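Me: Hi! Could you walk me through this model before I set anything up? Please start with how contacts are counted.

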Amino acid sequence: MQFGGLTAVNKVDLDIHPGEIVGLIGPNGAGKTTFFNCLTGMYQPTAGQVLFAGAVLPPQPRKVAVAGVARTFQNIRLFHNMTALENVMVGRYARTKTNAIEAILRLPRHRREEAETREVAQQWLDFVGLGDAAESLSRNMPYGDQRRLEIARALALEPKLLLLDEPTAGMNPQETREAEELITRIRGLGMAVLVIEHDMRFIFSLCDRVACLVRGEVLIDDVPEVVQNDPRVIEAYIGSPVDMPGEQEEAPRPDVSTLAPSKPVLEFPPNAINPIIGHRTKPGGRKDA
Ligand SMILES: Nc1ncnc2c1ncn2[C@@H]1O[C@H](COP(=O)(O)OP(=O)(O)OP(=O)(O)O)[C@@H](O)[C@H]1O
């Protein structure tokens, strides 16, 4: 991906598998968010393509969403004058079928779909621990809850791949631990998660695999234990070994026991998410891409 003479992302080739949490780290300006923007159709890559579940993803955000890729943003982008529930309902937009006329005239299909959307949105709020905040205006919610709400909105799409851009930015340690627990539960649903984060303890304790971008290129893509001990990573990004987890008393141990499953995203089974959330949503509530 080039911006004029600047190559922001260069020949990045990254596989992500179902049920896998992959961390994307790198110094400021390394190209992490640009990579997300290429994946989600917000930028049209100047070269290369995004393959998802066996097909080339067109660089169009709605089509990317319908295909099953959802994201959150580095800076919270909620609808501040809407309730938590309404924010999550918006996240299901790409999964609804009614057109503008049906909505304006409030025809039966629209009313049915709206009721179902409301119910599914409430279930995702419950999932992220915000079930009781459904009627709160999002702007009045605590910062950590707003970050959770963004994740709930992304989950409402019922994606196969969830992209999280610095989900713990600005969080206190307790909120960060809760975010880690939440992302682990999301993996339990069978989704693949790609997470950008600067908090190394968070990344190395959470992820199955970590890729480090430097100046737009992948420096290393390996299990956390290998990445955190790679001197090039320490030099390029960490700056000093004292920042690494495991070197301070309360730092969590890196989890390297769940290395990538062998199946690539291209073979993601149809309805893979449905059986898991089936008990949370009405039958037929999910339409696969
Ligand atoms: N729309 C744009 N136009 C021009 N240059 C851009 C644009 N978006 C990003 N860049 C440049 O591309 C490079 C990569 O930026 P990007 O935001 O992707 O990095 P990052 O790794 O996400 O950084 P950070 O950790 O600070 O968020 C930077 O040099 C940035 O200035």
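Reply: Happy to! Two residues are in contact if their C-beta atoms, placed from the backbone, lie within 7 Å. This is a predicted model, where local features need pLDDT of at least 70 and side-chain atom pairs count only at pLDDT 80 or more, while totals for chains, interfaces and linings use all residues. Residue numbers start from 1 along each chain as its sequence is written.

Me: Thanks! Which domains does the chain have?

Reply: The assignment gives domain 1 (1–68 + 159–241) and domain 2 (79–156); such bounds come from an automatic or database domain assignment. Between their C-alpha centres there are 26 Å.

Me: And how many residues are in contact there?

Reply: On the domain 1 side 10 residues, touching eight residues of domain 2. Helices α2 (61–67) and α7 (173–188) each supply at least two residues of that domain 1 side, and the largest share, three residues, comes from α2. Helices here are DSSP runs (H or I, at least four residues), numbered from the N terminus.

Me: What classes are on that side of domain 1?

Reply: Seven nonpolar, one polar and two charged residues. Ala, Val, Leu, Ile, Met, Phe, Trp, Tyr, Cys and Pro count as nonpolar, Asp, Glu, Lys and Arg as charged, and the others, Gly among them, as polar.

Me: Switching topic: which residues are around the ligand?

Reply: F3, L6, A8, G26, N28, G29, A30, G31, K32, T33 and T34, going by a C-beta atom, placed from the backbone, within 6 Å of the molecule. Helix α1 (residues 32–39) gives the most to this shell, with three residues. By class, the shell has four nonpolar, six polar and one charged residues.

Me: Nice. Now the helix packing: at what angle do α3 and α5 pack?

Reply: About 110°, with the axes of α3 (residues 84–91) and α5 9 Å apart; axes are lines fitted to C-alpha atoms over the stretch in contact, and angles run from 0 to 180 degrees between N-to-C directions. That makes α3 roughly perpendicular to α5 (65 to 115 degrees; under 35 is roughly parallel, over 145 roughly antiparallel, the rest oblique).

Me: Which residues meet there?

Reply: A84, L85, V88 and M89 in α3 meet α5 residues including T117, A121 and W124.

Me: And how do α5 and α6 cross?

Reply: At roughly 135°, with the axes of α5 (residues 108–128) and α6 (residues 143–155) coming within 9 Å. That makes α5 oblique to α6. Their contact divides into seven nonpolar, no polar and one charged residues.
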